[in-house]
Amino acid sequence: MSVMGIYFLLVASIAVWWLWREGVTESPWLQEGEAPAWRGVSGRPMAAKAGLTILLAVALCLFSLMSAAFLMRMEATDWRSPPLPTILWFNTAALVISDLALALASLHAHNRSSLRVKRALVVAGVASLAFLSGQLWAWREMVIGGFYAAQNPANAFFFLLTGAHAAHLIGGLVVLARVTAQAWRQDGEALAARIDLCAIYWRFLLVIWLLLFALLVGWADNLGAICRRLLS
């Protein structure tokens, strides 16, 4: 538990440092004369970016706790890792494509290339839907193969980890659909800022998925053994 305490102390320290850097200790209502400009686009406070950062920090803690539970539980004698559906490799490639497409959309948005922005957003949306459809297919293969969630803790963790990640992706797709619709109606700095937020969120989803995939495949077993020794 001491290691987990150090971990949460590290997360809290990063949060306090970030809030201090953003000027949480400043008191502009007490200053005389012209108020200092806020940081951000066009002098506006970057409330959306701050909200996204907090959301990602909470999601990171959630996935960290589930991963720690996975590593500790897999040492039990009743743990039976199921054969993973091969479609997960295709799903991983689809998520990489969607992440790259959003990075390109962000680049083209700042260059005011409207047509390329629209194409990149459509590619990102289609690839994300392909990833989500592939996850549904993987769950179907698990059920058809008789690997139910209630049958074994390893099966339950598979559905829990992939389900939690899919829920975050569905939330992101709702926002991405709105941003894509806005790309057909407007252009400029505001749209570029929204696409930037989508790109950050998708990069986060990709990194989390790669870590979860490494856990499910077994590539992180050595890391799990080290963590278990530290936690014991």
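**View 1. Ser-128 lies in helix 4 (residues 114–144).** Helices here are DSSP runs of H or I with at least four residues, numbered from the N terminus. The model is predicted: local features need pLDDT of at least 70, side-chain atom pairs count only at pLDDT 80 or more, and totals for chains, interfaces and linings use all residues. Residues are numbered from 1 along each chain as its sequence is written, and side-chain values use heavy atoms, with hydrogens and water left out. Ser-128 is buried because its relative accessibility is 0% (buried means under 20% relative accessible area, with a 1.4 Å probe and protein chains only).

**View 2. The side chain of Ser-128 has a polar contact with that of Trp-202, at 2.9 Å.** A polar contact is a pair of N or O atoms within 3.5 Å, one able to donate a hydrogen and the other to accept it; residues adjacent in sequence count only if both atoms are side-chain atoms. A polar atom of the Ser-128 side chain also lies 2.7 Å from the backbone oxygen of Ala-124. Beyond its neighbours within four places in sequence, Ser-128 is in contact (heavy atoms within 4.5 Å) with Ser-98, Leu-169, Leu-173 and Trp-202.

**View 3. Helix 2 (residues 47–73) and helix 6 (residues 189–217) have axes that come within 11 Å and cross at roughly 5°.** The two helices are therefore roughly parallel (angles under 35 degrees, taken from 0 to 180 degrees between N-to-C directions of lines fitted to C-alpha atoms over the stretch in contact). Among the residues making the contact are Leu-52 and Phe-63 of helix 2 and Tyr-201 and Phe-204 of helix 6.

Note on methods. Buried means under 20% relative accessible area, exposed over 50%, partly exposed in between (1.4 Å probe, protein chains only). Angles under 35 degrees count as roughly parallel, over 145 as roughly antiparallel, 65 to 115 as roughly perpendicular and the rest as oblique.
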